[in-house]
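Morning, everyone. I'll take one structure and walk through its helices, its salt bridges and a surface patch.

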Amino acid sequence: ELPSTREIATAAGIAEGTLFRVFDTKDALVEAVIGAVVCPGPLSQGLATIEASQPLRERTLAVARLLMARFGEIFALLGPLGVVGPPTHHDHPGCPLAPEHSAAPYEGSAGLIVEVFAGDAHDLRLAPEEFAHVLRMLAFGGSHRHISRDRPLTPEQVTDLLLDGALRRAGPDPHPPSPPDPCTESKASPC
């Protein structure tokens, strides 16, 4: 069940009537909140900060961190609201995107991820477009608690799996698996 407008106003530190000066209905308020959370602007801005001169592993890890943080935030909000499937982005207060980008924001961020890896075509077995797609899918599934059965992946695990695969190699492992996180491995966690 959604919180009441009184609860929302209290959490925001404003009077309930102030909400209705900006939003005509509670549905309009919820729509604006969803629009702000699914807005790809912050992801696009984060992707733009990744330097092409960084090694492939560092760039892959940076993208995995951005994606998994974004997916985690989206899942945390949309799950309780009962939203299933990708919601439509629309203009919202403070939206950094121009209105013409609102119709297909996911294609824009997907293209930006491809750009991060465009110069690596000679080093990858996958085309940069496919590499970016697989990275997004691993980050999505690895950050969704239900899909991962409450064992979400870390950005490091996603990066290692994508770049190194799951097969054992002869010789020492240059990227040994990360130790288990006590905050996610145990119901009686110290966290």
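One definition before we start: a polar contact is a pair of N or O atoms within 3.5 Å. Keep in mind that this is a predicted model.

Now use that cut-off. T25 caps the N-terminal end of helix α3, with a side-chain oxygen 3.4 Å from the backbone nitrogen of D27. Helix α3 itself covers residues 26–38. Its 13 residues reach 18 Å from first C-alpha to last, close to the 18 Å expected at 1.5 Å a residue. Buried residues in α3 include L29, V30, I34 and V37.

Next, charges. How many salt bridges does a search of the whole structure find? Five.

Take R57 and D164. Their closest N and O atoms are 2.9 Å apart. R57 sits in helix α5 and D164 in helix α8, so the pair ties together parts 107 residues apart in sequence. R57 is partly exposed at 23% relative accessibility. D164 is partly exposed too, at 22%.

Buried or exposed? Both R59 and D120 are buried.

E156 is in helix α8 and R65 in helix α5, so parts 91 residues apart in sequence are tied together. There is also a network: shared partners join R57, D160 and D164.

Last, the surface. M137, F140 and I147 make a nonpolar patch of about 270 Å². F140 lies in helix α7, and is partly exposed at 32% relative accessibility.

Terms used
Residues numbered from 1 in each chain as written. Predicted model: local features only at pLDDT ≥ 70, side-chain atom pairs only at ≥ 80, totals over all residues. Heavy atoms only, no water. Patch = residues over 30% accessible without salt bridge, like charges linked within 9 Å, V, L, I, M, F, W, Y side chains within 5 Å. Areas by Shrake-Rupley, 256 points an atom, 1.4 Å probe, with all protein chains shown as cover. Salt bridge = Lys/Arg side-chain N within 4 Å of Asp/Glu carboxyl O. Helix = DSSP H or I, 4+ residues; strand = E, 2+ residues; numbered from the N terminus. Buried < 20%, exposed > 50% of the residue type's maximum accessible area, 1.4 Å probe, protein only. Expected span 1.5 Å × (residues − 1). Polar contact = N/O pair within 3.5 Å; in protein donor to acceptor, adjacent residues only side chain to side chain.
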